[in-house]
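This briefing sets out selected features of a predicted model, grouped by topic. Please consult the sequence and the structure alongside the text.

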Amino acid sequence: MAAPDQDWNAWLAENAARFLLFARQQTRSRHDAEDVLQESLVESWRRAAGRPEAALVFATIRRRAIDLGRSSDRRAHREKECGNEAHFATCERDREAAELLERELHRLPVAQREVLTLKFWGGLTFAQVAETLDIPPGTAASRYRLALEALRESLATALP
Amino acid sequence: MIPPEDDIEALLARIAPAPPPAALMERLRKARPRKGRRLLRFAVPLAAAAGLALAWLGPQPDAMRHPVDGEIPARQPIGSVQHLMEVSDLGVVLDQDRRPVRLIRTRWIDEILYAPSGGGEPVKEGRLREEVLPVSLPVY
């Protein structure tokens, strides 16, 4: 059995990227995303007394981001901070497609983007996505399909 | 040319969440939760205070009921559209006649159109459905 330090570090190495992606989408600044991420990872780990289920972590991130948005009055400051850092990584060959996709992802309605992120990069089932976002499973699946359709249409005009 | 949805998913599969910056990873590593014995000292009085606060607040008035997707009273289904979302191969089994059969699991979104009782535009509700289907397997 791995030492606690090693287990935590290994879990971070395996999962931090996808949790950070979701935290970035749920918050308005890099600093808020990192704060929410850290607090959520620690809370989830404590609640699970070890490696938590991904669905628990995503739900915690969402809840903390919502709480932060309600309690903070730093909207103008946060919007100024919104930078152009890339949220996705890819090989050089696909860089243009990645930038295009990232741009189109940001244009999706939040509800669709959330579902797409959790399903596709979060690795959750529709049932887990539904539980994380507190919506019916059918709604989760519909939003996923609508997100893919929206991307299909916008990429059709953007691609040569 | 409009790329089909599976091409969209293939495009999405070629990008991955960016790894966190090194400084953030270092910060997260240092934030490893320790056994919280100190917290227990505060947990009981905090819990008591929370309980008292909840008791004083009393029952909340009914919150405004937000409509949930598809939740509409007195409606008549008038049509549906089925979208096949996922297909996965479950493998080969033998049927009652000992013939091989391949089983596939399909996931569908059924969009059901309802006509509201008071008239107006039809309303759509999405439902997730899963079915396991046998596919015949020719044996030569």
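How many of the twelve residues of helix 6 of chain A are buried? Nine of the twelve are buried, and the helix is mostly covered.

**Helix 6 of chain A**

- The buried residues of helix 6 of chain A are Q112(A), R113(A), E114(A), V115(A), L116(A), T117(A), L118(A), K119(A) and W121(A).
- Helix 6 of chain A comprises residues 110–121, and its end C-alpha atoms lie 16 Å apart. This agrees with expectation, because twelve residues at 1.5 Å a residue should span 16 Å.
- After helix 6 of chain A comes G123(A), which has a positive phi, near 75 degrees.

**Confidence in chain A**

- Chain A has a mean pLDDT of 86, with 88% of its residues at 70 or more.
- Within chain A, confidence is highest in helix 2 (residues 30–48), where the mean is 95. It is lowest in helix 4 (residues 75–81) of chain A, where the mean is 50.

**Make-up of chain B**

- Chain B contains three helices and four strands, which follow the pattern α-β-α-α-β-β-β along the sequence.
- Of the 140 residues in chain B, 19% are buried.
- The accessible surface of chain B is about 10,600 Å², and carbon and sulfur atoms account for 60% of this surface.
- When contacts in chain B between residues at least 6 apart in sequence are considered, 50% of them join residues at least 24 apart.

**The sheet of chain B**

- An open sheet in chain B is formed by three strands in the order 2-3-4, with antiparallel pairing. Its edge strands are strand 2 (75–94) and strand 4 (123–136) of chain B, each of which pairs on one side only. From one strand to the next, the twist averages 15 degrees.
- Strand 3 (residues 100–116) of chain B pairs with strand 4 of chain B over 14 bridges, in the antiparallel sense.
- In general, the strands of a sheet pair through backbone hydrogen bonds, in either a parallel or an antiparallel arrangement.

**Positive phi in loops of chain A**

- Most residues other than glycine have a negative phi.
- A49(A), a residue other than glycine, has a positive phi, near 55 degrees. A49(A) is placed in the loop between helix 2 and helix 3 (54–71) of chain A. Its relative accessible area is 72%, so A49(A) is exposed, the cut-off being over 50%.
- D134(A), also a residue other than glycine, has a positive phi, near 60 degrees. The loop between helix 7 (126–133) and helix 8 (137–158) of chain A holds D134(A). With 70% relative accessibility, D134(A) counts as exposed.

- Is A31(B) buried or exposed? A31(B) counts as buried because its relative accessibility is 15%, and the cut-off for buried is under 20%.
- A31(B) is located in the loop between helix 2 (22–30) and helix 3 (37–57) of chain B.
- Apart from neighbours within four places in sequence, A31(B) is in contact with W8(A), Q38(A) and V42(A).

How values were computed: Residues numbered from 1 in each chain as written. Chains lettered and ligands numbered in written order. Predicted model: local features only at pLDDT ≥ 70, side-chain atom pairs only at ≥ 80, totals over all residues. Heavy atoms only, no water. pLDDT = per-residue confidence, 0-100. Helix = DSSP H or I, 4+ residues; strand = E, 2+ residues; numbered from the N terminus. Pairing = 2+ DSSP bridges. Axes fitted to C-alpha atoms, helices over the stretch in contact; angles between N-to-C directions. Expected span 1.5 Å × (residues − 1). Buried < 20%, exposed > 50% of the residue type's maximum accessible area, 1.4 Å probe, protein only. Contact = heavy atoms within 4.5 Å. Areas by Shrake-Rupley, 256 points an atom, 1.4 Å probe, with all protein chains shown as cover.
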